[in-house]
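Visitor: Please walk me through this model, one feature at a time. Tell me how to read each feature, then show me the case here.

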Amino acid sequence: MKTIGLIGGMSWESSKLYYEFVNTRAKEILGGSHSAKCILISVDFAEIEHLTFKGDWNAIGNLMKQAAQQLEKAGADIILLCTNTIHLVSHYITENITIPFMHIASTTGEAIRKKNLKKVALLGTKFTMEKDFYTKTLENDFDLEVLIPDTSGKQMVHDIIYNELVKGQFTSTSKKAIIEIIEELQNKGAEGVILGCTELPILISKTDVIIPTFDTGKIHAYEAVEWSLKNEPNKFKVSL
């Protein structure tokens with residue numbers, strides 16, 4: 001079993017789920033008392049948040065580079081960034097480590113491909129929805145059409161994430177608002193919805209909407225375990 005390196009803390013509300021996901025998946029595959037081999041470095045999200053709203057992506061990138069290098073030195077065999085938005089600076093990681101980096105948009109794209117969908121909605125921070133670091137992967141590598149909310153919808157999702165979800169607040173009012181936005185995108189042809197903020201699946205479950213939801217953190221973590229066990233004897237797959 002290979003060792004999975006996790007860069008977490010963005011926010012810790014979702015990072016704790018990554019730890020649960022990798023261990024759950026390892027036990028599903030191997031059975032018995034098995035758990036995942038992993039190393040977690042958790043950053044201070046207040047610092048990241050401050051730099052994000054300043055637009056200082058270089059500083060954020062350097063923090064991610066440092067965390068990734070720490071994980072590699074600690075013995076990680078692969079690195080996951082436990083957040084969607086900060087993949088905007090993932091090149092700071094890939095250019096400064098010698099071990100593989102697993103991109104969350106790529107694992108999400110693979111999951112959508114398995115469902116044979118062609119048009120999907122994307123919800124996340126404004127950075128994730130508006131910048132091309134995420135949508136470009138989905139469009140170019142997986143031939144997907146990506147729908148995002150209108151201006152007011154984008155702002156609403158963004159505000160709910162930063163003002164509530166990353167602080168551990170999950171309200172029925174915000175849940176209703178997100179569901180309405182998903183339904184609007186469904187009416188525009190979305191066949192599924194990417195919950196492209198790792199806290200969103202805490203608020204929205206797959207039973208809350210009619211179209212398939214894609215829990216990016218769970219998909220990402222499960223795929224990392226699959227990778228870590230690729231050469232394990234008696235390995236078998238269990239569908240998500």
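**Reading the model**

Guide: Start at a loop. Asp143 sits between helix 7 (132–142) and strand 6 (145–147). Helices (H or I, at least four residues) and strands (E, at least two) are DSSP runs, numbered from the N terminus. Residues are numbered from 1 along each chain as its sequence is written. This is a predicted model, in which local features need pLDDT of at least 70, side-chain atom pairs count only at pLDDT 80 or more, and totals for chains, interfaces and linings use all residues; side-chain values use heavy atoms, with hydrogens and water left out.

Visitor: What is the phi of Asp143?

Guide: First the general idea. Most residues other than glycine have a negative phi, and most peptide bonds are trans. Asp143 has a positive phi, near 55°, and is not a glycine.

Visitor: Is Asp143 buried or exposed?

Guide: Read relative accessible area: buried is under 20%, exposed is over 50%, and partly exposed is in between (1.4 Å probe, protein chains only). Asp143 has 56%, so it is exposed.

Visitor: Where is Asn116?

Guide: Asn116 is in the loop from helix 5 (104–114) to strand 5 (119–123). Its phi is positive too, about 60°, and Asn116 is not a glycine. Asn116 counts as exposed because its relative accessibility is 65%. Now look across the sequence. Asn116 and Glu191 are 75 residues apart along the chain, yet their C-alpha atoms lie 9.7 Å apart.

Visitor: Which residues of helix 5 are buried?

Guide: Ile104, Ala105, Thr107, Thr108, Gly109, Ala111 and Ile112 are the buried ones in helix 5. After helix 5 comes Asn116 with its positive phi.

Visitor: What is Met64 in contact with?

Guide: Contact means heavy atoms within 4.5 Å. Skip neighbours within four places in sequence, and Met64 contacts Ile7, Met10, Val43, Ile48, Leu81, Ile86, Val89 and Ile93.

Visitor: Which helix holds Ile181?

Guide: Ile181 is in helix 9 (residues 172–187). Ile181 is buried because its relative accessible area is 5%. Beyond residues up to four places away, Ile181 touches Leu123, Pro149, Gly153, Met156 and Val157. Compare sequence distance with spatial distance. From Ile181 to Leu81 it is 100 residues in sequence and 27 Å in space, C-alpha to C-alpha.

Visitor: How many residues separate Gly217 from Ser15 along the chain?

Guide: They are 202 residues apart along the chain, with their C-alpha atoms separated by 8.7 Å. Gly217 lies in helix 11 (residues 216–228). At 3% relative accessible area, Gly217 is therefore buried. Its contacts, leaving out residues up to four places away, are Tyr18, Phe21, Ile104 and Thr198.

Visitor: Where does Thr3 sit?

Guide: Thr3 is in the segment before strand 1. Its relative accessible area is 16%, so Thr3 is buried. Its touching partners, beyond four places in sequence, are Lys37, Cys38, Ile39, Gly75, Ala76, Asp77 and Ile78. The C-alpha atoms of Thr3 and Ser228 are 6.8 Å apart, across 225 residues of chain.

Visitor: Zoom out. How many helices and strands does the chain have?

Guide: There are 11 helices and eight strands. Of the 240 residues, 53% are buried. Among contacts with a separation of 6 or more, 75% join residues 24 or more positions apart.

Visitor: Why does the radius of gyration agree with a compact globule?

Guide: The radius is taken over C-alpha atoms, and the globule rule is 2.2 Å times the number of residues to the power 0.38. For 240 residues the rule gives a value near 18 Å, and the chain agrees because it has 17 Å. The C-alpha trace spans about 45 × 40 × 35 Å along its principal axes.
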